[in-house]
Amino acid sequence: MSDSSNASKASRMPVYFLGIGGPNFMEDTKHPAYAKLAEVGQEITTNVRPKAVVVFSAHWQGGPSKVKVNVAEQPDLIYDFYGFPPHYYEYDYPNKGSPEVAEKVIEKLVDAGIEVERVERGLDHGIWAGFMVAFDPKNNPLGVPIIQVSLYNNEDPERHYNLGQALESLRDEGILIIGAGMAVHNLHDFRAIRGTGKVMPYVISFDEALKEAATSAPEERQAQMSALMGREDAKRAHPTREHILPIHIAAGAAGSDIGERLWTLPEASLSWAQYRFGRVPIV
């Protein structure tokens, strides 16, 4: 391999899947996942140092065959949650968008035959609540544009994997791709067993199956990620799929890079697993 190829490989952005909790997670500083998410954020700001971040949240769907791209220059925040104490609706997360980077994203998607709609909107809590922990505005500010792209409004893992594939080359332009969701997410069971200390069996079995699929050989990964959703425990692990689809996008954007589970924690009916695909650039 030539020196220039080595340099390109070294400077290519990795891809992340971050387990991000609900709004109350921002204040749950003693939760083990809080420190782990902050560690990943520190890795990104200190070693990865992207020029911009393209992020997919579990809380924004486009159409069945269309995705939406946020082209806003100064996105506000969307407080898309209910029943929390009043101060949760006063949180601020300083951020900026980039119409220029958004157009790069749109160009890649259109070139791949994906229908796109430009919109101007705020960041939903599936991004800003987790980014408050990963990229604390006071202690570890991200400081680069954030461009949110929607999921499809369907549960097809293949379509979402292909969505990631369409954006893979952005990684060579200093643009970091992040999927934000949960490796296991069953809120119905969480409310039923909260405080009991019980971990549902499907959490452990699906969490390990996800690891096997996400860390498989790149040439086998798409098939394994798709087969994952046909498992018997998948429907319990994800009664609806919006929280797992972001890792399908991340895995698609990984290309020939290997996936690694950085950390996991099964809790009740959730898993807080964090993944990275590809290497951290050499500083």
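The protein exposes about 12,200 Å² of surface, and carbon and sulfur atoms supply 49% of that; these areas come from the Shrake-Rupley method with a 1.4 Å probe, and for residues only the protein chains shown count as cover. As for the inside, 55% of the 283 residues are buried, meaning under 20% relative accessible area, with a 1.4 Å probe and protein chains only.

A word on what you are looking at. This is a predicted model, where local features need pLDDT of at least 70, side-chain atom pairs count only at pLDDT 80 or more, and totals for chains, interfaces and linings use all residues. Residues are numbered from 1 along each chain as its sequence is written, and side-chain values use heavy atoms, leaving out hydrogens and water.

How confident is the predictor? pLDDT, its confidence in each residue from 0 to 100, averages 95 here, and 96% of the residues score at least 70. Residues 1-8 are another story: pLDDT stays under 50 there, and the model has 2 contacts for them beyond four places in sequence. A contact means heavy atoms within 4.5 Å.

Now the fold: we have 10 helices and 11 strands, which are DSSP runs numbered from the N terminus (helices H or I, at least four residues; strands E, at least two).

Let me finish with helix H4, residues 125-134. Why call it largely enclosed by the rest of the structure? Because 10 of its 10 residues are buried, among them Trp 128, Phe 131 and Met 132. The cover over the buried residues of H4 includes helix H2 (32-48) and strands S2 (52-61), S5 (146-151) and S6 (175-181).

Terms used. Buried means under 20% relative accessible area, exposed over 50%, partly exposed in between (1.4 Å probe, protein chains only). pLDDT is the predictor's confidence in each residue, from 0 to 100.
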